[in-house]
Each structure stands twice: as C-alpha cells, then as structure tokens.
Amino acid sequence: MDIQRIAVLIGKDARLGATNFMVLYVLVMPVVLSLLIALVFGDLLAQTPRLGIYDASASEQFTRPLLDHPSINTTIYDSEETLQSAVERGSEEIGLSLPAGFAASLEDDSAEVVFTAYRWGEAGVRNLLLLESAIARAMTAGIGSSIDQLPVTVNAEQIGSANTQTWSQRLLPLLLIMSIVLGGLFFPAASLLDEKKDRTLVALTSTPTSLLDVYLSKTLMGFILSGIMGSVILLINGAFVGQVALLLLVIALGGLMSSSFGIILGSVSKDMDTFMGIIKGAGILLYAPGILKIFPQVPEWIGRIFPTYYLMNPLLEVTQNGAGFADILIDIVVMAVLVAVLLVLLNSVIGRQQQKLALET
Amino acid sequence: MAQPAISVKDLTFSYGDILAVDDISFDVAEGEVIGFLGPNGAGKSTVVKMLTGQLTPQNGSATLLGMDIVKDRKQVQQEIGISFEFTNLYEQMSAVENLNLFAKLYKVSDFDAIDLLQKVGLGGRDKEHVANYSKGMKQRLMMARALVSDPKMLFLDEPTDGLDPVSTETIHTLIRAATQTGTTVFLTTHDMVEADKLSDRVAFLNQGKIVALDTPARLKQRFGMRALKVEVELPNGEIEVREVTLDEDQTPQTVFDLFKNERILTVHSEEATLEDIFFDITGRGLQG
C-alpha cells in the first residue's frame, strides 16, 4: 500500500467523477429531494398556521385579534360540525368551538371560561405552538388581564391520526440512506467499472501501483463522498445538532460500509448494465428501512432485517431522540461487524480481480 | 561479458491444459531491440505479461536489469515502460493530464509533459480531451506515456498496428531515439517489415516455443533463398519469367547462359522475407 499513490488516484477519480453524469446524479438527487421535501413538508416555506373557529356567542373581543393576526390564518365556521370536519381533513390545525355564553364568561372575572379545542393529529409542533400562543394572547386581550387569573377549562379533542412526526421527519431516514449509501456505493462501483471497460486498470497496474492501491483509493473516495453527503442532508434538515462527534462516527461507519460494498459490487459486476441491474433489483433491500419508516404503523423489527437499518437507526436516535453513545452501541457494533465482513470479502475480490486482469488478452 | 538486460531461463506458463509458454530461454543485451514474432496464440503476450509482472511464471525464472521479475516486481515495474496494443488512456482527460498522472504514479520529479508531447508530435493539442484524438494520436500518446519514467526498458505491443505512414514513422523514430540512449526494446508485432527494420534480433514464437532467434540478416541467410527473377522475351514474342536461385554451385553458369542465349527484358533480385522464413520453419503463416 502506497499512501502517495492512493492520494494521486483519489485526485484523478475526483477529476473524472466531476464529469460523470451518473455520479453527479447520485450526489445531487438526495440534496434536491431533501430541499423539495423541506419545501413541501418542512420548515423552509412552512404553511401559515391554520385556525378554525365556531363562535356561538359572537365574542368579537376574542375572535377579532385572531382574525387580524398577521401570522395565522383564521376562518370562522357557522357550525360545529363543519369545523370538526375541517379539522379532520387537515384544513385547520386547531379548531375552537366557543359555546354560547363564552363572551360573557370572558367579561365576568368570576365565571369559568369553557370551550372545546379540536387538534388535527398530524399538525406540526411549530404551528401548534404559534396557534396556542396566539389564542392565549387573544384571550388576554378579550378579558383585559392575564388568563392566569381566570378559571379556564379546555375540552381538548384530537381528530385524525395520532402521528406526531412531520412528513419531513418521516422522510429523513430514506434521504439519509439515499445520500450515505448511494453516494458511497455508486462512486467506487462506477469508477471501477469505467476503469475495467476502458482497460485503464491494466495501465495503472503495469506501473508500480498495486491493485490494492487502486481499490483503496476508490473505496476512500466513496467514503469521503458518503460522509459529505450524509452531513449535508443532516444540515439541510436541521438535524446536525447535539452530539456531532457521535453523528460523524455513525456516518463514517456507514460510509465505510457502503463504499466497501460498492467496490465489491463494481468488481464482481461484468459491466455498468449488470451493476445497474443489481441495483434496480436489489436496491429495495438498501432502502427498505427508510421506506418502512415512512409508515410508523409498520413494526420496527421488520426494519432490523436490513443492514442499512443499523446506519439509519442510530442517526435518527441521536438527532430525534437525543440518544447517547450507550444507547446506540448495539447498532454501532452491528455496523462494525458488517464493515469487517465486507473488508474480508473485499480482500478476496481483489485477489480474484488480479487473476482476471492477468488472464485478460 | 556485460549482464544481459533480459535473461529468461526455462520460462513456462499454462492456462489450464493449454501450454501457452513452453520452457523458453533467451537473453537480450542492453540497448538491443528484440522483435518477438508469432501468430495469435503463439504465447507472445503471455511472455510479456510475465516479464512485466502481470503474470507469475509457473516454472522457470527471469531477470530484468538484474532484478527478479517475481521477487522484485515493483522495482522492475519502476524501470520499464509499456505501450499496449489496445488503447487504454483516460479519454476524458487531456494528454497533459494523462502524462502527469502517470508521472506521479512513477514518482518522477521535474517531469515536463509538454516537452514529451512535442517529441511525439502532439505539442499543439496537449490540452484537448484525448477522446477527440485520432487512433494515430492516441498511439503516440501511449508511446509518450511509456516514456514518462525515462525507462531503461520498453515493452511495445503492436505499436503501429493500423496507423497511417506518418504516425508509424513517428513511432519508429521514437523507438530508434530510445535505443540510442541505451534503452532496451522488447517489440511484439505482426508487421514483418517493421520487425525487420527495427529489430537487432528477432525471435519466432510458435506454440509457446522459440523456434528461431537471430538477426534478421542471418535468419534470411540461414533459412531463406536468394534468387534472381528474370523476364525474357521468347522468339514467338511471348514474355516468360525465369527464377535463378543464387548460392548454388551452378548459379554462375546458369546466369551466364541466360544472358548469352536469351533476350533479357528485366532483372530483379529477390530475398526471403521474415514471413517466408516463419512459414518455412513452422509451416504456418503469422496471421494464423
């Protein structure tokens, strides 16, 4: 193994990779998807919080501030049923049903203020917080003093599914797998297949450069890309927070796993068509844990069957649940074992490729 | 006696049951051009692969510049340059980038790619993608790549196959220039004229064995037959071609009689080509 030659080969691969459409596509796609998802479901252009009100008591002093609020979208409904229906289908994130006498109870310091609040089950936390804050302020404005001094009873009812994860949270696992695994897997495989097709592999190994140097350079390049892509996706999704070192460790292991797998696939595939065939046919096995995460009702144990689960799960645990090293130790150990197995396989694949190269005419 | 640049002893290699190289031995002197000739499947490529460290011999041994081809593989590869029969350049990179890449892999310091490209006649298009090059230009670039490390030994596999006369001449000039600086050249080719023109000695390889190894002149002397081809006009006006074999006891008398008794129209000297000799020795042609 020669570090200097490996560095030269990485430089060459970076130069050629920058002009390879397939590599660029694989690198750009997760970023574009991530931005799209953030745009549609996430916080980049988050929709204005939506509030629906059925006001049976004509309590103008309470509803006016909400209707005039610049940051929320308030709609008045003429019946409780239509309000409930709007909340159920997600048109409103919170629906307030103000009973007859609500206005009077606001004005009477001693009377109990009673109303019903419907909450859409899939409403985002950010919007809920904004709406709750706006409602509290409107109530304070209505009574002329803090609502802390009033006895308030809220009959809260949740409508719709009880999922508390936003769509961007649910799609993040798939995006992480796509970026870390595809970035790490595609580059070494495509690059090696190009070298085999163009017979430049023979030219390289006829110099003092060994086949091991060539394979290591491509594996390292995949590893680097994988790390960059994983970090970028976490950053775009605002998830690169908390234990950054732990996140980098998981990304590094995931990158090593996918780039080793990629170079092995590139080595055993006859050509690019064969490789793409394998990816199309078996790619679902790579993405499966990410796809399953979109549907929270699917039991968690099914995801554990797939190797990429052990990359995805610790990242989610750290970013979404604030897990520490001890909490994700098992996942890290499983991933380290997978990496070790792949490296042993890689060693055997290099030996076979050396023989094939020598026997090629 | 000076140490040979290449010394091969009892080298053998089989692909399964097929014996590709059968116990061959030969030496090549420093600065010599040796032409390795033989039809497809004769074992030429296998010999080259073993000498350049791509294949490990199953039997026998060989040294290049005093280094063992198996034990000192990396050192051997540092001292040799190879130009392949097939094009294997990075076509999305420029000629300069291609050469600089290999200079770095050979760890050559103070390498001047532009200068080398000018020597092979590619000076004006050094920044262009190799994909836009003609076959002749690519072959010249491969030759330049083989020269990147200023090697003591060059292995050239069909260096002018399918090239136009200008590119062929450029390659020949480069080979001659390399030998003038003491570089040993191992040339495998189908082109007998090229082998005859460039090689100090030629080796005929047939079914894995060296069946003849000598200078082209001596091979022609030993195996070939020199002759005169004479066109004569017969009394009835028809033209007849007569062949007079030289180097025979009765040749002077035959020539004398011919000139005395016949009306001679043209006289041409003829000598055996390497291809004729190869056919005589092996009973098969070089293209077979």
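Two strands pair if DSSP finds at least two bridges between them. The helices (H or I, at least four residues) and strands (E, at least two) named below are DSSP runs, numbered from the N terminus. The structure is a predicted model, in which local features need pLDDT of at least 70 and side-chain atom pairs count only at pLDDT 80 or more, while totals for chains, interfaces and linings use all residues. Residues are numbered from 1 along each chain as its sequence is written, and chains are lettered from A and ligands numbered from 1 in the order in which they are written.

**Figure 1. The open sheet of chain A.** Five strands of chain A form an open sheet in the order β2-β1-β3-β4-β5, with mixed pairing. The edges are taken by β2 (73–77) and β5 (152–159) of chain A; each has a single partner strand, so one side of each is left without a neighbour in the sheet. Direction ignored, neighbouring strands of this sheet are turned by 20° against each other on average; axes here are lines fitted to C-alpha atoms, for helices over the stretch in contact, and angles run from 0 to 180 degrees between N-to-C directions. Strands of a sheet pair through backbone hydrogen bonds, either parallel or antiparallel.

Figure 2. Five bridges join β1(A) and β3(A) in the parallel sense, and A:Ile53 stands opposite A:Leu96 in β3(A). On β3(A) and β4(A) the pairing is antiparallel, over four bridges. There, A:Gly95 has A:Tyr118 in β4(A) as its bridge partner. Strand β4 (residues 113–120) of chain A pairs with β5(A) in the parallel sense over eight bridges. One of the residue pairs is A:Ala117 with A:Ala156, the latter in β5(A).

Figure 3. A residue is buried if 20 or more other C-beta atoms lie within 10 Å of its own, exposed if 12 or fewer, and partly exposed in between, with C-beta atoms placed from the backbone. By this count five of the five residues of β3(A) are buried, so the strand is largely enclosed by the rest of the structure. A:Ile94, A:Leu96 and A:Leu98 point one way from β3(A), and A:Gly95 and A:Ser97 point the other way.

**Figure 4. Two helices across the sheet of chain A.** Helix α3 (residues 60–68) of chain A lies across β1 (50–55) and β2 of chain A and runs at about 155° to β1(A). Helix α4 (residues 80–88) of chain A lies across β1, β2, β3 (94–98), β4 and β5 of chain A, at about 165° to β3(A).

**Figure 5. A:Ser91 in its loop.** A:Ser91 sits in the loop between α4 and β3 of chain A. It has 14 C-beta neighbours inside 10 Å and therefore counts as partly exposed. Two residues are in contact if their C-beta atoms, placed from the backbone, lie within 7 Å. Apart from neighbours within four places in sequence, A:Ser91 is in contact with A:Arg50 and A:Ala86. From A:Ser91 to A:Gly52 the distance is 8.6 Å, C-alpha to C-alpha, although the two are 39 residues apart in sequence.

**Figure 6. The nonpolar cores.** A nonpolar core is a set of buried Ala, Val, Leu, Ile, Met, Phe, Trp, Tyr and Cys residues joined through C-beta atoms within 7 Å. The largest has 137 residues, and those with the most contacts inside it include A:Ala189, A:Met257 and B:Phe186. Helix α7 (residues 167–197) of chain A gives the largest share of this core, 17 residues. Not counting residues up to four places away in sequence, A:Met257 touches A:Leu311, A:Met335, A:Leu338, A:Val339 and A:Leu342. A second, separate core has 25 residues, among them A:Ala86, A:Val113, A:Leu130 and A:Ile135.

**Figure 7. The side of chain B that touches chain A.** Here 22 residues of chain B are in contact with 18 residues of chain A. On the chain B side, the elements that give two or more residues are α1 (44–51), α2 (73–79) and α3 (95–105) of chain B. The most come from α3(B), with four residues. This side divides into 11 nonpolar, seven polar and four charged residues; Ala, Val, Leu, Ile, Met, Phe, Trp, Tyr, Cys and Pro count as nonpolar, Asp, Glu, Lys and Arg as charged, and the others, Gly among them, as polar.
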